[in-house]
Amino acid sequence: MTSRPTGTLAQRKRQLVADELTQAALTLLAREGFDAVTVDEIAAAAGVSKRTFFRYFASKEDVVVQFLADMGAAMCDELASRPATEPPSAALRHTVWRSVDACAGHGDRALRVVQLILGTPALLARFLERQAQWREELAAEMAERLGLDLATELYPRLAAGMALTAFHTVLQRWSDSDGTEDPAALTEQSFTVIGPALDAVARPGTPGPGPSPS
């Protein structure tokens, strides 16, 4: 996943170089393994100097982190674009599917990138760190969609957390199966499980669920 070039000519050129570096890095890292690839090799594959690489990224790890940042931004954009009347489970399912499809819908290289992230402790830690950030962003969007107070209501963060758990679980199963399991089916199965809880939200002015029977 890369950003579309926008803005001035200089900005577009900069974005194109960043995209080339990202593609080269992810291809090499996925094929050779995180520890086996050097910054020199990434720069050479992208057709730039090592100095140019460091103008864009502080380390090879930062290339993957940028990939994750783009993924999170796409999730938030997708949720914000969903119809206001759509049930929470449907809105979040579409949101998760957009990023699952972005990861799983581009062949073997995408699978290797996901396996690289999930199988490299340093990258997995950054992935989980990013998910915590995404949860806050998705929770804020859910609160706005439903007219809930993010500071006092539990639902928005719980809903965002469930959606991201589904996202991670789908990617993990797809990765562990070496791409043989269908990510679309896994996404549907995940939201079949969590959908009822996601749709059990009480909007302001409506009663919530009563006490559990004794």
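This is a predicted model: local features need pLDDT of at least 70, side-chain atom pairs count only at pLDDT 80 or more; totals for chains, interfaces and linings use all residues.
Okay, let's start with the helices. When two helices pack, we describe them by the angle between their axes and the distance between those axes. Here the pair is α7, residues 121-146, and α8, residues 155-176; their axes come within 8 Å and cross at roughly 135°. As for handedness, α7 goes past α8 in a right-handed crossing.

So who's touching whom? On the α7 side you've got, among others, Leu124, Phe127, Trp134, Met142 and Leu146, and across from them in α8 the list includes Tyr155, Pro156, Leu164, Phe167 and Leu171. Sorting the residues of that α7 and α8 contact by type gives 15 nonpolar, three polar and three charged.

Next up, Phe34. You'll find Phe34 in the loop between α1 (9-32) and α2 (39-46). Is Phe34 buried or exposed? With a relative accessible area of 12%, Phe34 counts as buried, because the cut-off for that is under 20%. Leaving out residues up to four places away in sequence, Phe34 touches Leu29, Lys60, Glu61, Leu116, Thr120 and Leu123. Take Leu116 from that list: Phe34 and Leu116 are 82 residues apart along the chain, yet their C-alpha atoms are separated by 7.2 Å.

Last one: Thr187, which sits in helix α9, residues 183-198. Thr187 has a relative accessible area of 2%, so it's buried too. Which residues does Thr187 contact, setting aside neighbours within four places in sequence? Those are Arg93, Val96, Trp97, Val100 and Val170.

Note on methods: Residues are numbered from 1 along each chain as its sequence is written. Side-chain values use heavy atoms; hydrogens and water are left out. Axes are lines fitted to C-alpha atoms, for helices over the stretch in contact, and angles run from 0 to 180 degrees between N-to-C directions. Helices (H or I, at least four residues) and strands (E, at least two) are DSSP runs, numbered from the N terminus. A crossing is left-handed if the near helix is turned anticlockwise from the far one by less than a right angle, and right-handed if clockwise. Contact means heavy atoms within 4.5 Å. Ala, Val, Leu, Ile, Met, Phe, Trp, Tyr, Cys and Pro count as nonpolar, Asp, Glu, Lys and Arg as charged, and the others, Gly among them, as polar. Buried means under 20% relative accessible area, exposed over 50%, partly exposed in between (1.4 Å probe, protein chains only).
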